[in-house]
Amino acid sequence: MTTAPAFDASFLRQFDTLLHWRRDVRHFDTRAIPAEEMTALLEAASLAPSVGNAQPWRFVRLRTPELRAALAGHVDAENARAAASYAEAGRRDAYRALKLHGLREAPELLAVFCDERPAAGHGLGIATMPEMLRYSCVTAIHTLWLAARARGIGLGWVSILDPAAVTALLDVPPDWTLIALLCLGYPQAPSDIPELERRGWQAREPLADRLFER
């Protein structure tokens, strides 16, 4: 019988530190991530839990300059539309001052899709909640995020985009749903404070405001 590992107090303190230092990174150093590190990150992500053990995540590494430029242009256009949606001028100007992606600088771009009809898992756990497949992909992204930060690598999740447009641009199977467009690379200036908090956009609020009992 395999003996389960014991995670001591020192490990738990380190893990808490890792959680505090996991940031959404937008400012990247352009040096490459070594191939073995990218392999390790993707293997770590694949250890995430998934409904029915379906492992529905599908990773698409974006390697061509043309795709990178097209994605950056698309996101810039969506950012401009999002900025215009703020009626209050101060909030609109604050939005425009934010750097919301590193698509041009990050050495690695990764699109994460959910296969909505995976053969693995045999449909277990999704009869009444098919969205569990997508939630499983999110756990894989978070696992990747922590594994990256533990190696000194930053991750930025780009969400201001049109999923249909990105899906068409990447030419993936029709049963795949876009979950995330990720930038990966070494951060220019690591911080344990979220950038949006540092820039006065939104601070982290108390857990007590988000915890309820019934």
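Guide: This is a predicted model. We can begin with helix H2, residues 35–45.

Visitor: Within what arc do the buried residues of H2 fall, seen down its axis?

Guide: An α-helix has 3.6 residues a turn, so residues three or four places apart point the same way. The buried residues of H2 line one face of the helix, because they fall within a limited arc seen down the axis. On the other side of H2, Ala35, Glu36 and Glu43 are exposed. The arc of the buried residues is 160°.

Visitor: What covers the buried residues of H2?

Guide: The cover includes both strands and a helix. Among them are E1, E2, strand E4 (176–185) and helix H5 (132–150).

Visitor: In what order do the four strands form the open sheet?

Guide: Strands of a sheet pair through backbone hydrogen bonds, either parallel or antiparallel. Here the pairing is antiparallel. The order is E1-E2-E4-E3.

Visitor: Which strands stand at the edges of the sheet?

Guide: An edge strand here has a single partner strand, so one side of it is left without a neighbour in the sheet. From one strand to the next, the twist averages 30°. The strands at the edges are E1 (57–61) and E3 (154–158).

Visitor: Over how many bridges do E1 and strand E2 pair?

Guide: E2 covers residues 108–115 and pairs with E1 in the antiparallel sense. Within E2, Val112 stands opposite Phe59. The number of bridges between E1 and E2 is five.

Visitor: Is Asn79 buried or exposed?

Guide: Asn79 is found in helix H3, residues 65–84. Leaving aside residues up to four places away in sequence, Asn79 touches Tyr95, Leu100, His101 and Ile160. Its relative accessibility is 12%, and the cut-off is under 20%. Asn79 therefore counts as buried.

Visitor: Which element gives the most to the lining of the largest pocket?

Guide: The largest pocket has a volume of about 480 Å³. Its lining has 24 residues, and Asp24, Arg26, Pro194, Leu196 and Trp201 lie nearest its centre. The elements giving two or more residues to this lining are H3, E3 and helix H7 (195–198). With three residues, the element that gives the most is H7.

Methods: Residues numbered from 1 in each chain as written. Predicted model: local features only at pLDDT ≥ 70, side-chain atom pairs only at ≥ 80, totals over all residues. Heavy atoms only, no water. Pairing = 2+ DSSP bridges. Axes fitted to C-alpha atoms, helices over the stretch in contact; angles between N-to-C directions. Buried < 20%, exposed > 50% of the residue type's maximum accessible area, 1.4 Å probe, protein only. Arc of directions from axis to C-beta. Contact = heavy atoms within 4.5 Å. 1 Å grid on protein atoms, 1.4 Å probe; cavity = no way out; pocket = protein on both sides within 12 Å on 5 of 7 lines; lining within 4 Å. Points joined across faces, edges and corners; volume = space filled by probe spheres on them.
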